[in-house]
Structure formats: structure tokens, C-alpha cells
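Here is a short tour of one structure, written for someone who likes to check the coordinates while reading. Have your viewer ready.

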Amino acid sequence: AVVSTQSTGEQVELHVLVANPAVWRPDSWQAYERGSSISIGFVKAEFLTTLFDLRSLLIQQLRPESLPDQYVYLRTVGRGATVCSSRQERTLRARDFAPPFYAHAEICILSSENMAFQSRYREMLPALASREKHKPKLNGSLN
């Protein structure tokens with residue numbers, strides 16, 4: 001659901017899903033059957049928030065224990081979903097996962113702990129994939 005806000009600009013409420021690792025197909029580098037994903041809640045983000053910056057919002061607004069220690073974002077492509085690279089995490093924004101680009105405002109994440117050994121795709125995986133790197137400091141700034 002897209003909502004309008006005060007002076008901060010437009011925001012989007014993104015439904016956050018964690019994909020079942022069993023749906024990941026390393027041979028095609030895609031996930032299928034996203035219906036078996038688990039909902040972990042929703043986050044509010046400004047339209048222009050990058051996926052990189054969304055990581056800290058996920059920790060702030062959701063139960064951190066509900067997030068995998070290391071994860072990648074999935075983006076729907078055709079009938080499946082594929083991994084967003086670290087470069088894409090800095091260019092794709094929250095608005096890219098909301099209408100009119102998606103039928104529903106949602107984003108899916110997948111644990112990347114078992115992907116690291118796949119050297120063919122190692123450069124695609126975000127180097128920042130640990131939630132430890134995105135925990136807010138006591139004064140509210142990021143590490």
C-alpha cells in the first residue's frame with residue numbers, strides 16, 4: 001500500500017517475505033514457487049530508499065531474529081525470481097518493488113549462507129550480506 005507522508009516525501013509499505021531455501025535453483029540462478037515464502041512483516045521506507053539502505057530499516061522495523069544472518073534480495077523476473085547483485089542494491093529503490101512495477105508492494109529475501117561456495121556467482125553476492133554490518137549504533141547512526 002502506497003501512502004503519502006509529511007515533508008519527507010512519499011513512502012511505501014513493503015511486505016517482507018523470506019523465501020524457502022528449497023525453492024532456490026542454483027543451475028538457473030532463480031527461485032521458483034515463491035508461494036512457500038514466509039511473511040516476517042512489513043517495513044515503511046521512502047520511495048527513494050536503496051536496497052542497500054533498506055537493510056538497516058529491516059533491522060530497525062522488524063524482529064532481527066526473523067532475518068537470516070546473511071541474505072540477498074530477490075527480484076521477480078518472469079515466472080521466477082533472481083538475485084539482486086551488490087551493484088543493483090545501490091541502484092534499485094523501494095519504489096521498484098511497489099505498484100506499478102509489482103502487483104503488490106513486497107520484497108523477498110533469501111538466505112545466502114549456502115550460496116557463498118558458488119564461486120561462479122560470488123561477485124554477484126553483496127559483500128554486505130551480514131546484518132551485523134547494518135545494526136544501528138546507540139546514537140542512531142549506522143555502523
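**Overall picture**

The model is predicted. Its chain has two helices and eight strands, and from the N terminus on the order of elements is β-β-β-β-β-α-β-β-α-β. Of the 143 residues, 44% count as buried.

The average pLDDT of the chain is 78, and 71% of the residues score at least 70. Confidence is highest in H1, with a mean of 96, and lowest in strand E1 (residues 2–4), with a mean of 38. Over residues 1–8 the pLDDT is below 50, although the model gives this stretch eleven contacts beyond near neighbours in sequence. Residues 137–143 also stay under 50, and here the model has ten contacts beyond four places in sequence. Where pLDDT is low, the predicted coordinates should not be read in detail.

Helix H1 spans residues 51–61. Which residues of H1 are buried? They are Leu51, Leu54, Arg55, Ser56, Leu57, Leu58 and Ile59. An α-helix has 3.6 residues a turn, so residues three or four places apart point the same way. The buried residues of H1 pack against strand E2 (10–18), strand E5 (38–46), E6, H2 and E8.

Past this helix comes serine 66, placed in the loop between H1 and strand E6 (71–77). Is serine 66 buried or exposed? Its relative accessibility is 17%, so serine 66 counts as buried, the cut-off being under 20%. A polar atom of the serine 66 side chain lies 2.5 Å from the backbone oxygen of arginine 63. Leaving aside neighbours within four places in sequence, serine 66 is in contact with Val18 and Ile40.

**The proline pair**

The loop between helix H2 (86–91) and strand E8 (106–111) holds proline 99, and proline 100 lies in that loop between H2 and E8 too. The peptide bond from proline 99 to proline 100 is cis, with omega near 10 degrees, a detail to keep in view if you set up this chain for your own calculations. Not counting residues up to four places away in sequence, proline 99 touches His104 and Ala105. Proline 99 and valine 12 are 87 residues apart in sequence, yet their C-alpha atoms are 9.7 Å apart in space.

**Accessibility at a glance**

| Residue | Relative accessibility | Class |
|---|---|---|
| Serine 66 | 17% | buried |
| Proline 99 | 37% | partly exposed |
| Cysteine 84 | 1% | buried |
| Cysteine 108 | 1% | buried |

Cysteine 84 and cysteine 108 are each buried, with a relative accessible area of 1%. How many disulfides does the structure hold? It holds zero.

Key:
Residues numbered from 1 in each chain as written. Predicted model: local features only at pLDDT ≥ 70, side-chain atom pairs only at ≥ 80, totals over all residues. Heavy atoms only, no water. Helix = DSSP H or I, 4+ residues; strand = E, 2+ residues; numbered from the N terminus. Buried < 20%, exposed > 50% of the residue type's maximum accessible area, 1.4 Å probe, protein only. Polar contact = N/O pair within 3.5 Å; in protein donor to acceptor, adjacent residues only side chain to side chain. Contact = heavy atoms within 4.5 Å. Disulfide = S-S within 2.5 Å. pLDDT = per-residue confidence, 0-100.
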